[in-house]
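Please look through the model below before reading my points.

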Amino acid sequence: MLNFKNQPLKMSFEANIKYALCLCGESKKFPLCDGSHRSTDKNPFKFTLTKAEDINVCQCGKSKILPHCDGSHFK
Ligand code: FES
């Protein structure tokens, strides 16, 4: 089941923690990766922030500025 949504999700992230954003749409922890992509040909988008930040996280998987939403879900 693909979990992609046509809207961002505001989430809080800590500094200096490795995060992985799901780009396969199969994660049960969507929009974060839970390793479900191993049965697909997709990989997560991995990122680390230098300061704690609230982010409007892309949930459509099309943003050019991951993990941030860039409005691509409207296109
Ligand atoms: S579970 Fe979807 S990219 Fe990892």
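Which residues make up the largest nonpolar core?

1. The largest nonpolar core has six residues in all: Leu 21, Cys 22, Leu 23, Cys 24, Phe 30 and Cys 33. A nonpolar core here is a set of buried Ala, Val, Leu, Ile, Met, Phe, Trp, Tyr and Cys residues joined through C-beta atoms within 7 Å. In soluble globular proteins, nonpolar side chains tend to be buried together.

2. This is a predicted model, in which local features need pLDDT of at least 70, side-chain atom pairs count only at pLDDT 80 or more, and totals for chains, interfaces and linings use all residues. Numbering starts from 1 along each chain as its sequence is written.

3. Pro 31 lies in the loop between strand S2 (19-21) and strand S3 (45-47); strands (E, at least two residues) are DSSP runs, numbered from the N terminus. Pro 31 counts as buried because 24 other C-beta atoms lie within 10 Å. The cut-offs are 20 or more such atoms for buried, 12 or fewer for exposed, and partly exposed in between, with C-beta atoms placed from the backbone.

4. Two peptide bonds deserve a check. The one from Phe 30 to Pro 31 is cis, with omega near 15°. The one from Leu 66 to Pro 67 is also cis, with omega near 5°, and Pro 67 sits in the segment after strand S4 (53-57).

5. Asn 16 is not a glycine, yet has a positive phi of about 60°. Asn 16 is in the loop between strand S1 (9-13) and S2, and is exposed, with 9 other C-beta atoms within 10 Å. Most residues other than glycine have a negative phi, and most peptide bonds are trans.

Terms used
Helices (H or I, at least four residues) and strands (E, at least two) are DSSP runs, numbered from the N terminus.
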